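Try each one before reading its solution.

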2 protein chains.
Amino acid sequence: MINNFSTLPEAGENCPMVSFVNLISGKWAIPILYRLIVIDEPVRFSDLQRAVYPITQKELTRQLRQFESRQLVTRQVFAEVPPRVEYQITELGKSLRPTLDSLAQWMRENGEQLGK
Amino acid sequence: MINNFSTLPEAGENCPMVSFVNLISGKWAIPILYRLIVIDEPVRFSDLQRAVYPITQKELTRQLRQFESRQLVTRQVFAEVPPRVEYQITELGKSLRPTLDSLAQWMRENGEQLGK
DNA sequence: CAGGATCCCTACTGATACTG
DNA sequence: CAGTATCAGTAGGGATCCTG
């Protein structure tokens, strides 16, 4: 059969990219992960929000919860006043670094050409 | 100043990742581009839709228009009956291949650990 | 076949206000 | 400070009908 791309081994639901967008979903997912990877140390919520500007508080909270459940980020709460919560990228999360570095580099080289 | 990550050179709006998610947006963007890159030849609309299953017709159309405007994909219409329209990844689009291959490989290696 | 158009509905995203 | 609550808008999805 010719041109039956849908029967390729990794097409459709078996595509790693479809899995990716289903497991690591949301507009801000990549920018947040990349920022945590670059910082590579514990960051407070508000510091992180400023670094991923202009993300909203709600969205950052939601994404961090998602990453926590996926073992990509750790969350540590300190019993202090004022409250302090620190987020840090995990080893699993760090393993995304080469890929995300590559994506960042691609954007630096081609962002201009993409217009707008 | 300590922990002022928001003043890093590529933080916030200057982050290449924020640019990326603004220029190449939508849940299906990466799966579609990856599929077109792997196929690496002209594909008809309906073949592409089957290969990126389960994307809807509406969403595939919308994304392809976006990619066309960003010079990532070409669209060629044939004056035939029945009509034929073929989409193909551009050189600019292909330059994303190493990055997307890396992402796909990461998913193959770590998808299991991400759960669900 | 490749879409455009419509309706309808849910999920995601954002802005703002409020709380322990 | 680090959230939660609320409201509202936008994006995405499913189904159906239509046209060149």
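**Exercise 1.** Find the residues that UniProt lists for "domain: HTH hxlR-type".

*Solution.* The unreviewed UniProt entry lists residues 15-115 of chain A; such annotations may be inferred rather than shown by experiment. This is a predicted model, where local features need pLDDT of at least 70, side-chain atom pairs count only at pLDDT 80 or more, and totals for chains, interfaces and linings use all residues. Residues are numbered from 1 along each chain as its sequence is written, chains are lettered from A in the order in which they are written, and side-chain values use heavy atoms, without hydrogens and water.

**Exercise 2.** Work out what surrounds A:I24.

*Solution.* Start with the largest nonpolar core, which has 78 residues. A core joins buried (under 20% relative accessible area, 1.4 Å probe) Ala, Val, Leu, Ile, Met, Phe, Trp, Tyr and Cys residues through side-chain atoms within 4.5 Å. A:I24 is among those with the most contacts inside it. Next, skip neighbours within four places in sequence: A:I24 is in contact (heavy atoms within 4.5 Å) with residues including A:L33, A:F67, B:W106 and B:L114.

**Exercise 3.** Which residues line the largest cavity?

*Solution.* A cavity is a set of points on a 1 Å grid where a 1.4 Å probe fits but cannot get out, and lining residues have an atom within 4 Å of a point. The lining is A:I30, A:T99, A:L100, A:L103, B:F20, B:I30, B:T99, B:L100 and B:L103. About 50 Å³ of space lies inside the largest cavity, counted as the space filled by probe spheres set on the points.

Notes: Buried < 20%, exposed > 50% of the residue type's maximum accessible area, 1.4 Å probe, protein only. 1 Å grid on protein atoms, 1.4 Å probe; cavity = no way out; pocket = protein on both sides within 12 Å on 5 of 7 lines; lining within 4 Å.
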